[in-house]
Amino acid sequence: MGMLQFLGHSAFYLEGNGIRALIDPFLTGNPMASEGADARKEIDYIFVTHAHGDHIGDAVEIAKRTGATMFATNELANWFKGKGLNAEGMHIGGRATFPFGRVKLTHAFHGSSMWEDGKMVYSDFPCGFLIEVDGKKIYHAGDTGLSVEMTLLEAEGVEVALLPIGGYFVMDVDDAVRAVGFVKPKKVVPMHYNTFPPIKADPFDFAEKADGIAEVIVAKPGDTIPF
Ligand code: NI
Ligand code: MN
């Protein structure tokens, strides 16, 4: 049986047969974080949806300490390789098989950039991830607006969808409810809300509106979600 743990904002810990992973590990400086960047000794993989600071977070530091392999779009993966890290540089729509299961990169409508040495570095497209663990598919949407591309995910049979609901940079509650209708996951966990003032949203409003389409789990930072 697999397990997800919500770490606050869009950060999750994912564990299953052959995998101990972090997704978007923004922990240092995250007012919602349930743990620090040094909390876990063993991490095999780190999935990074895009280069914005609230997603790349502590990824480089944790990978250097644990030897974890990064998953990201090719451009961002190459940037990680430049830091001496192992990285799988896949791309949107691509799927590949790994010891724990398959990974597919999904569309995300957003940007991807970061400041480095006083300059803005662009890493091209952001993405979402469809990660197969113990034969079940976890969809982490990353940062994205609502898109018709999400309808493609219905055929995947998603077990747990992790969807942003905070608005301003990403889907708001009503668009995220439409996304649940597009993806039709068994379970959905709202993320990317209430971390900062512009992304204030009510997860219980989302839960009420998405009720009947999927089982909605409003997780507090630190909560675990078995699947
Ligand atoms: Ni972003
Ligand atoms: Mn973000």
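**Figure 1. Asp-223 and its salt bridge with Lys-220.** Asp-223 counts as partly exposed because its relative accessibility is 25% (buried means under 20% relative accessible area, exposed over 50%, partly exposed in between, with a 1.4 Å probe and protein chains only). The closest N and O atoms of the two residues are 3.8 Å apart; a salt bridge is a side-chain nitrogen of Lys or Arg within 4 Å of a carboxyl oxygen of Asp or Glu. This is a predicted model, in which local features need pLDDT of at least 70 and side-chain atom pairs count only at pLDDT 80 or more, whereas totals for chains, interfaces and linings use all residues. Residues are numbered from 1 along each chain as its sequence is written, chains are lettered from A and ligands numbered from 1 in the order written, and side-chain values use heavy atoms, without hydrogens and water.

**Figure 2. The salt bridge between Glu-132 and Arg-102.** The N to O distance is 3.0 Å. Glu-132 lies in strand β11 (residues 128–133) and Arg-102 in strand β8, so the pair ties together parts that are 30 residues apart in sequence (strands are DSSP runs of E, at least two residues, and helices runs of H or I, at least four, numbered from the N terminus). Glu-132 counts as buried at 15% relative accessibility, while Arg-102 is partly exposed at 32%.

**Figure 3. The nickel ion (ligand 1) and its protein donors.** His-50 (NE2), His-52 (ND1), His-110 (NE2) and Asp-143 (OD) lie 2.2 to 2.3 Å from the ion; donors are N, O and S atoms within 2.8 Å of the metal (3.2 Å for Na, K and Ca), and sites may look incomplete since water is not among the atoms. The four donor atoms subtend angles of 89 to 176°, which makes the arrangement irregular (four donors count as tetrahedral if all angles lie between 85 and 135 degrees; four count as square planar and six as octahedral if opposite donors are over 155 degrees apart and all others between 65 and 115; anything else is irregular).

**Figure 4. The manganese ion (ligand 2) beside Asp-54.** The protein donors Asp-54 (OD), His-55 (NE2), Asp-143 (OD) and His-192 (NE2) lie 2.1 to 2.2 Å from the manganese ion. The manganese and nickel ions are 3.3 Å apart, and Asp-143 coordinates both. Asp-54 is in helix α1, and Asp-143 is in the loop between β12 (136–140) and β13 (158–164), 89 residues apart. Both Asp-54 and Asp-143 are buried.
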